[in-house]
Structure formats: structure tokens, C-alpha cells
There are 2 protein chains.
Amino acid sequence: MKDLLAEYRSRFVESPGVVAYLDGNSLGRPLAASVDRIAAFATEQWAGRLIRGWDEGWLDLPLAIGDELGRVVLGAAPGQVTIGDSTTVLLYKLVRAAADRDEGRTELVIDRDDFPTDRYVLEGIARERGLTVRWIDEGDVTPDRVAAVVGPKTAVVVLSHIAYRSGFLADIPAITSVVHDAGALMLWDLCHSAGVAPIDLDAAGVDLAVGCTYKYLNGGPGSPAFAYVRAGLHLRQPIQGWLGSRTPFAMGQGYEPADGIRGMLSGTPPIIGMLAMRDMVALIDEVGLDAVRAKSIALTTFAIELADSRLPAARLATPRDPAHRGSHVTLDHPAFESIMPKLWARGVIPDFRRPDGIRLGLSPLSTSFDEVELGVDAIAAELALVS
Amino acid sequence: MKDLLAEYRSRFVESPGVVAYLDGNSLGRPLAASVDRIAAFATEQWAGRLIRGWDEGWLDLPLAIGDELGRVVLGAAPGQVTIGDSTTVLLYKLVRAAADRDEGRTELVIDRDDFPTDRYVLEGIARERGLTVRWIDEGDVTPDRVAAVVGPKTAVVVLSHIAYRSGFLADIPAITSVVHDAGALMLWDLCHSAGVAPIDLDAAGVDLAVGCTYKYLNGGPGSPAFAYVRAGLHLRQPIQGWLGSRTPFAMGQGYEPADGIRGMLSGTPPIIGMLAMRDMVALIDEVGLDAVRAKSIALTTFAIELADSRLPAARLATPRDPAHRGSHVTLDHPAFESIMPKLWARGVIPDFRRPDGIRLGLSPLSTSFDEVELGVDAIAAELALVS
């Protein structure tokens, strides 16, 4: 398998003893540039500039990195993206803001198979605001299935671009259009797609989006999330903090939200946590998302072919059509949970998702085809020992 | 002035060109150990352990550091403190949880002079829940002034232990008792006191507390905040995320909050951001908070004496009685705003707070008496040039 992006693997820090890292969609590897950047920040910026750093760029960093992310990864013009908080907290802010927009719209729509945090946030908001959650229950999220549950009572639809378990890739433009036809707002969760699949939020007219930055954006464990709010969409979020106010340093009486995306901020930006992602965004910019996507498809295709031939007892939970597939491949087998510790012990590191799925997360800039083959072979070998 | 803690200053990273750093209560200096810890984490933990790190300690880190902070700084037994989110977001969660506890209690109490985020959060919650904000308007927060506004309708009282502007130090046990006599919950904001003034939350029967970790806990710019919830107080917070659920990795249907402090979590913990504070907590443990407080009083006393003699035109906004004073001293003068850039340009770095206050934040483990004198002299010299 010809790997056109092979040269970029050397930009990442080595992990001694790791034979195959197949969980880049849970936690991306650090770029060497990020390790250097973080160390330099601590001495040169934090120690060197001290409080002056806030005036010299830190305060603007959430929106500055947001703009970089918007341009390179999200298809978003400047001024619509910010970095901060966790995905959960940003989901809460945006869904609350969307749900509070129109009293007559009392339903929140989500996929039954969506990631727990997304569902829990919506259920919590429904509970506190007296709203109803409408579920998409039938399987992969298609425009038809969305059309069947949205209507004049829908306030906001929350869906994942790429499903965390199956890897199904939803059609952002088509579904957004269906939701808009119902007069509702569309919020995309981009956790599993940001940095690995082309996204064009502006072109699709998406209203809101969130996503995490520690997967294909390699921001480090628990790095802060991002939020996108379409320019011109005026929503008020509930967590009123000083840095989301119009004049934070006036420290005056009464909160007045800042215009635009800045109004989505609440507290002091988590600066050290948002440094590493800049290097990955720069690398994606250098390589181009189309090339990243091409290798992603090649990697997942290769993984599925290997699974077909060497893991015939496993069930493929991921779409075979690459047009409907993200950058991870999930295989189900009742014995998989029992072999996970053995795989990790031999340096083969996929993820496990209940009830019985091994998930191979393939990060195009850091994962090699050899790793995929070593990984599938190790799974086959361990499975043979317990079957 | 004999400085019994002088030896500890060398543990902090030097800041070239900085003559007097007098803003440790906005952003504490980094300990050299923290710079090393962060760099080592990136290579050894993030790159070395990759996703396995979550099972090997990262997931428990918010509560593990919370327990350290509880023991050394907050007077809190284990299992009541967690690290994560910003102060603003934690305030929102805790005040919402407290306000939702008893429908008959419809009033939230706060000091008119409290830090903007605290006021804004309460005003936002009052707005969305149909509650009323009752203000303490008269000045420094004393038990009598609190007693005058609390009653059978009070849900929760939110006050700062040390006022961000004046440095007034409130009486936690006495005020908590007044609030409890009214049947309400007490939430202390410890942003300006954690790590610099003795606190005993358990002994005072405090219900809730929050605070930031980038001031006297030296966690770095925007490091995550902490929250304390008294054991046995069962509150439900509104931002339902996967890591606050009872069984995050079951990824099942329906949110059930984890017991105790873990139920206050929402999203994935911000690991890199919470590393540095461990070194400062360890150093405070080594030195002892009583010794830290003794030097804090000596530093602020020295600053006030210098101001009296060399800045007679400035008005002292901070209590003269050290028993009522935190670790910063605020001086007001109409010309102070205009001299701030000149002070910074000469490497003298206090903070400025509207309308006309220069705030000297004195961090006992990293601030010397010489720095205080250099700082006050520089202010006097610049003031003489414009007066």
C-alpha cells in the first residue's frame, strides 16, 4: 500500500513499546512541535511575560485559534469559532441557547445511538426546561430519518457528523437542509470528524457546531473543545461570565453579552490546554484535508479488507461504502472484551466500546498501514487463543 | 525585614526584566518543578502512555488533586473537592444546584462589589429560574450585613472570602453560621484566598465553595478551577455529561448522576491544565499555610507602611487591620491608570482595577520585601512625574 503521507509520521513523538496505536480517535499522539511549544510557553510566556501575557495575545487566543480551525478544518469564515470549556459544557450552552430561542418549539431531536454526553445534555435540558426529547431510533442518521421526526415543534436537532461507535458519516448539507425546512436549528457534533473529514459549515448553512480537539486535532488529554455559531445567529447562552461580557475589564454592574461568538465565552480561557492543537491545525493546513481524507479512506478500506480475510468471525459494524464512513472501523465479537488487556500488553492499542466492539481509530497523519496490519493480526491471534 | 520564607523564591522560574512582580493574585509565577512536570507529562505520559493514561490515573486526577487541595489548602476531608471547568462554569453548576433544591426559596444573595463573574452568574440564574437577587450593598461583608438580607426565602448566599478589589477578608465561620440560621446554603468563592489564607471548610460547615487555581495556587494561565461540595449534601447540577454519570463507560441510556463530588463533573477532565498546581500545593504543604499567612501579613503590612510614607496622596482601599485583610493591597489615585504603562515598561508589574486602583498582589512564596519596596517607590516616582 503506497502511503503518500508516510513522511509526516516522523513529526509525532515516539511511544516506546507501542507496536500499533489504533486509538487516535480517542486521543491523538503529540506532535514534537507541540511538546516544544508547551515547554516554551511555560518558560517564555508564562514565566517571562506573567500577567502581561493576557494583553499580549492570550485573551484573544480562543478566537484566534478558532479562526485557524475555522479556515483549515471547519469551512468557517473568521469570527464564528471559539475554543474553551469541554464539549459537554459547550453543548449545554449552545443547546440551551437554541432551545430558549422560540417558546413555541418544545422538542429537541437526537439520535438514540449518539455519544452519551450529547444525549445526557439534551435530556437534562429537556428536564429543566419542560421540553421533550424526540429520538431517532432506527439506525444510521439519514436525511429521511431526520425528516420523519422534525416539524414545527422542533427547536434544535443535535447529531454527530461521524458516529462514535459505528463510524457512520452523516450528510451535513442534506440533513441541515431538512432541519431548516422544518424551521429548526441544526447543531453538529464534530468530535469524530474535525481534522479527518472535510467539513464546510458555512456552505451548508449550519447553525451551530461543537467538537473536541484531543482526537484528530491532537490537542492532548482533555484539551478544550470548540464551538461554532453561525454569523448573524443571535443566541444568548446561559452561563454568564465576565469574559463573555461586552466589557470584561470595566467590571461594572449588570451583564451584557458580547456580540457574536465572544458572547459564548464564560470564564478565563484555558491557555496551556489550547496550545498543542495549533500545531496539528498547521500540519493539516500543510498537507490539505483532501489528502488526509484520501489516506483515511485508504486506511479504513485496508482495515476492512484485512478483517474480512483474517477476522471472519467478527461482525463489521462500520459502513462498507467509504462515502458513508469516517476514520474508524468497529468490529464486534463476543470475545473482544476479554482480549483487550492482552492486546494492550503486547503494545497493540485499539479501543473497546460496549457491548463487544473493538474500534480501530486510524489517524491518517500518524497511523501507518503496517500498524493496521499488525493490529488486525494481533486481534486475530488473541481471538484464536480464546475461541 | 526578616524573610523567613526567602529560600523558597528560588523554586520559581526567573522572569527576565521583571524588577517587581506584584500581581501574583492575578497570575502566580511558575515553579520550576511545574515546568519540568508539564514537559515530562507531554513526552512520558501523553506520548508514552497514550490512551492508556486515562486508566492509569488521568481519570482520577480531578478528585486526586482535589483531595490534595482539600487537605493542604481548604480544610476538606477527602471526596469533597474536584478540579475542572472554569470558576464561572463551576459557579453556575453549584448555584443552579443550590437554587433548585427548594422551590420555596426564591432569593439568591450576593455582594454588590463581588467579582463580576459571580454577580453575572447569579443574575443569569435568577433570570432563567424566575428568582430574585438580593444585594449586600453597604460595604465590606460582615455577619451583620449578611444577617440583614437572609431569611426564609434565601436559597443560597454567594460571597468571596477575600474581596478581589479591597482585599477585605470575610469571616467564614461566622457568616456561614448566619446563613445556616436562615436555613440557606452558603457558597464561598475562594479565588483570592486559596493558598494564601487558612481555610477550614469542614470545620465551618460550609456547603459549597469554588475557586481558581492560577492565583496563589500557581496553576498557569486559565488553569481549571476547583469545587467543594460538603459530604452528605445531595445536589443535582444541570450540566449532565458522561463523566458525571454513575457509569461513564457503560455508555447506556439515561443519565444517572454519580454519587458525591464526582456527580459535579461534566466533560473530559482538562489534564494538562491541572498539572502545575500540584507543585504549588506540595510546596504549601512543605512550608505550612500558617507560615505563608504570617509572611502574607508581613508583606501587606510593609506595603501599607510604605504607601503611608511614600504615597501619601493615594487612598488605601484595603483594611488596616491584618485580621480583615487578604494578601493584596489596593491603593486608589486618579492618576494611577495613566502611569500603569510606565510601570510595566520599567518591569514593575502591579495590576489595575477600575476606576483608579493599583492593586499589589503579594504572593508570600514568590514575592520579596525588596520587590514591594521597589514597586511602591516606582509608583511614587511615576506619580510625581504626572502630579
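Among contacts in chain A between residues at least 6 apart in sequence, what percentage join residues at least 24 apart?

Tutor: This is a predicted model, in which local features need pLDDT of at least 70 and side-chain atom pairs count only at pLDDT 80 or more, while totals for chains, interfaces and linings use all residues. Residues are numbered from 1 along each chain as its sequence is written, and chains are lettered from A and ligands numbered from 1 in the order in which they are written.

As for your question, 71% of the contacts in chain A between residues at least 6 apart in sequence join residues at least 24 apart, where two residues are in contact if their C-beta atoms, placed from the backbone, lie within 7 Å. Chain A has twelve helices and 13 strands; helices (H or I, at least four residues) and strands (E, at least two) are DSSP runs, numbered from the N terminus. Its radius of gyration is 21 Å, close to the 21 Å that the globule rule gives for 387 residues, so chain A is as compact as a globular protein of that length. That radius is taken over C-alpha atoms, and the globule rule is 2.2 Å times the number of residues to the power 0.38. Taken along the principal axes, the C-alpha atoms of chain A fill a box of roughly 70 × 55 × 35 Å. Of the 387 residues in chain A, 58% are buried, a word that applies if 20 or more other C-beta atoms lie within 10 Å of a residue's own, whereas exposed stands for 12 or fewer and partly exposed for what lies in between, with C-beta atoms placed from the backbone.

Within chain A, helix H9 (residues 277-287) gives an example of burial, for A:Met277, A:Arg278, A:Asp279, A:Met280, A:Val281, A:Leu283 and A:Ile284 are buried there. What covers these buried residues includes helix H1 (32-49), helix H3 (61-74) and H10 of chain A. After H9(A) comes A:Gly288, whose phi is positive, near 95 degrees.

Helix H10 (residues 289-310) of chain A in turn packs with helix H12 (residues 369-386) of chain A, their axes 10 Å apart and at an angle of about 25 degrees. Here axes are lines fitted to C-alpha atoms, for helices over the stretch in contact, and angles run from 0 to 180 degrees between N-to-C directions. This angle makes H10(A) roughly parallel to H12(A), since angles under 35 degrees count as roughly parallel, over 145 as roughly antiparallel, 65 to 115 as roughly perpendicular and the rest as oblique. In this contact, A:Leu299, A:Phe302, A:Ala303, A:Leu306, A:Ala307 and A:Arg310 in H10(A) meet A:Phe369, A:Val372, A:Glu373, A:Val376, A:Asp377 and A:Ala380 in H12(A). By class, the contact of H10(A) with H12(A) has nine nonpolar, no polar and three charged residues; Ala, Val, Leu, Ile, Met, Phe, Trp, Tyr, Cys and Pro count as nonpolar, Asp, Glu, Lys and Arg as charged, and the others, Gly among them, as polar.

Two places in the backbone of chain A also deserve a look. Most residues other than glycine have a negative phi, and most peptide bonds are trans. A:Met251, however, has a positive phi near 55 degrees and is not a glycine; it sits in the loop between strand E8 (226-229) and H9 of chain A, and with 18 C-beta neighbours inside 10 Å it counts as partly exposed. The peptide bond from A:Arg354 to A:Pro355 is cis, with omega near 0 degrees, and A:Pro355 is found in the loop between strand E12 (351-353) and strand E13 (357-361) of chain A.

Finally, chain A meets its partner in a contact that takes 61 residues from chain B and 61 residues from chain A. On the side of chain B that touches chain A, helix H1 (32-49), helix H2 (52-58), helix H4 (87-99) and helix H5 (116-129) of chain B each supply at least two residues, and the largest share, eight residues, comes from H1(B). The residues of that side of chain B divide into 34 nonpolar, 19 polar and eight charged.
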